[in-house]
Amino acid sequence: MKYILMMNGKRSDFEGYARWSKEDLQTNVAFMREFSKELKDSGVFVASEGLGWPNEARLVRAGSKGEPITDGVFPESKEFLAGYWIIDVESSQQAYAIAARLSGAPGAGGTTGNMPVEVRRVLSSHCDLGL
Amino acid sequence: MKYILLMSSTKEGVSRYHTWAQSDRDTHMQTLGAIMKELVETGEFVATQGLTEPNEAKVVRGEKNGLPVTDGIFPESKEFLLGYWIIDVAAPDRACQIAGRISAAPGPGGTATNMPIEVRRFADFRNTAN
């Protein structure tokens, strides 16, 4: 079963991250590299990407002629996807255990970030929707 | 440049989708399928994935001993990712153009869903992580 692990943050979380010391950033990046390597070595890794920052995010709707109408204004409470990992595991419990490790990634001052990680099963087909 | 187009909705929006007529859902999916086929032909397609419904969603945190603490309660306003498209395009405008086409996909009665599509560029950590 494939799951997607998503790290989300508000704009203020991203601003907080930008204030981390260089050391804290390096420790976090080293953890993430090791984490991805472990996922690859254990054969559960499918894909992972980090996204550009919220200031670049745009919301697009179709105009009456199908032309794109772009908007870059979001409410304060808006949660932006920061990055994701897709894993292929045997059970939801295994997905939660991996998500917990991610949540324990080192944050500012060497404390664990304790970031919430959203765990969602991805569709293998639209039959999964039960419609 | 790689972009991800994110389609999200609240639980309420997902429940509304359940009330669509089967023929409307089929037309909607056919349109999305045609857009995907075009993107494959232009070489801009990278990946697409749909997610299962919000009732299965969990938020996980790690306890001190590293054990997962799961929570499935979300605020009403929570936006759940429904699915995404990853595209590799020559310019940001092209990413917005494709997002506009997805937003224009027909909904109930054939009118455009006009769903907002979030357009985000992928980070290049080779330049930013050092």
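A:V119 stands opposite B:K58, a residue of strand 3 of chain B. The model shown in this and the following views is predicted.

**View 1**

**View 2. Strand 3 of chain A meets strand 6 of chain B.** These two strands also run antiparallel and are linked by three bridges. Within this pairing, A:L59 has B:E118 of strand 6 of chain B as its bridge partner.

**View 3. Strand 6 of chain B within its own chain.** Strand 1 (residues 2-9) of chain B pairs with strand 6 of chain B in the antiparallel sense over five bridges. Strand 6 (residues 117-121) of chain B is largely enclosed by the rest of the structure, because four of its five residues are buried.

**View 4. The side of chain A that touches chain B.** In the predicted model, 39 residues of chain A are in contact with 41 residues of chain B. At least two residues of this side of chain A come from each of strand 1 (2-9), strand 2 (45-50), strand 3 (58-62), strand 4 (68-71), helix 3 (92-103) and strand 6 (117-121) of chain A. Helix 3 of chain A gives the most, with six residues. By class, the side of chain A that touches chain B comprises 21 nonpolar, seven polar and 11 charged residues.

Methods: Residues are numbered from 1 along each chain as its sequence is written. Chains are lettered from A and ligands numbered from 1 in the order in which they are written. This is a predicted model: local features need pLDDT of at least 70, side-chain atom pairs count only at pLDDT 80 or more; totals for chains, interfaces and linings use all residues. Two residues are in contact if their C-beta atoms, placed from the backbone, lie within 7 Å. Ala, Val, Leu, Ile, Met, Phe, Trp, Tyr, Cys and Pro count as nonpolar, Asp, Glu, Lys and Arg as charged, and the others, Gly among them, as polar. Two strands pair if DSSP finds at least two bridges between them. A residue is buried if 20 or more other C-beta atoms lie within 10 Å of its own, exposed if 12 or fewer, and partly exposed in between; C-beta atoms are placed from the backbone.
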